[in-house]
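Biologist: Can you put the model up? I would like to go through a strand and some charged pairs.

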Amino acid sequence: MKKHVWLTVMTALILMFGCIGVVHAEVKQPLGPGQQIGYPAVVLCESLTLREKPDSSSKAVQTLKYGEQVIVVNADTKQGAKKENGFVYCCLNDSEDSPVGWVLADYIVVNPAWYVTEKKTTVYAWNDTAALKVALLDKGTKLPILKEEGDWYLVSLRGAAGWIHK
């Protein structure tokens, strides 16, 4: 009987302490419809060219780097961004003199939720804790969420992707 009580107490303590600190990130939800002129988007590749026209041979306006944010004009989150030749129309900020142009839609994610770590966080190659560990994120790292699947988030990692357990 004594062993049974001791085992029950130990199990309760393990469960109690195991649940403390489970939340190791803040998830910032995407924007809803509002007063913005479009929706924020983030660059997912090492460099992306903002062009004058929706054509890969069009003159470059500016080169954007991984993680930079743009505003996609004419975007509706339910229908996505209005595309022309695979390009979407963007501005770099909401000022009147902001550079504007076209970027390839495949290399941005529009209006993402963001994963912000609150402690060191492991990133896995696929959604299984037995998977290969591909990164260890520092506290305060902010990454766009590409997909949510069960207890996992798929996040962007400088042109690649990885899974984080919730």
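**A strand and some salt bridges**

Modeller: Lys 120 is exposed, with a relative accessible area of 53%; buried means under 20%, exposed over 50%, and partly exposed in between, using a 1.4 Å probe and protein chains only. This is a predicted model, where local features need pLDDT of at least 70, side-chain atom pairs count only at pLDDT 80 or more, and totals for chains, interfaces and linings use all residues. Residues are numbered from 1 along each chain as its sequence is written, and side-chain values use heavy atoms, with hydrogens and water left out.

Biologist: Which side chain does Lys 120 meet in a salt bridge?

Modeller: That of Asp 138, at 2.8 Å from N to O. A salt bridge here is a side-chain nitrogen of Lys or Arg within 4 Å of a carboxyl oxygen of Asp or Glu.

Biologist: Is Asp 138 buried, partly exposed or exposed?

Modeller: Partly exposed, at a relative accessible area of 44%.

Biologist: How many salt bridges does the count come to by this rule?

Modeller: Four. Among them is the one between Arg 158 and Glu 46, at 3.3 Å from N to O. Arg 158 lies in the loop between strands S16 (152-157) and S17 (160-165) and Glu 46 in the loop between S2 and S3 (47-51), so the pair ties together parts 112 residues apart in sequence. Strands are DSSP runs (E, at least two residues), numbered from the N terminus.

Biologist: And what is the salt bridge partner of Lys 147?

Modeller: Glu 149, with the closest N and O atoms 3.1 Å apart. Lys 147 is partly exposed at 41% relative accessibility, and Glu 149 is partly exposed at 33%.

Biologist: New topic. How many residues of strand S5 are buried?

Modeller: Four of the five in S5 (residues 69-73), so the strand is mostly covered.

Biologist: Which strands does S5 have bridges to?

Modeller: S2 (residues 38-43) is joined to S5 by five bridges and runs antiparallel to it. S9 (residues 87-91) is joined to S5 by two bridges, also antiparallel. Two strands pair if DSSP finds at least two bridges between them.

Biologist: What stands opposite Val 72 in S2 and in S9?

Modeller: Tyr 39 stands opposite Val 72, and in S9 the bridge partner of Val 72 is Cys 90.

Biologist: What about Gln 69, buried or partly exposed?

Modeller: Gln 69 is in S5 and counts as partly exposed, at 39% relative accessibility.

Biologist: What is Gln 69 in contact with, leaving aside neighbours within four places in sequence?

Modeller: Pro 40, Ala 41, Val 42, Leu 92, Trp 114 and Lys 142; contact means heavy atoms within 4.5 Å. Gln 69 and Pro 40 are 29 residues apart in sequence, with their C-alpha atoms 6.5 Å apart.
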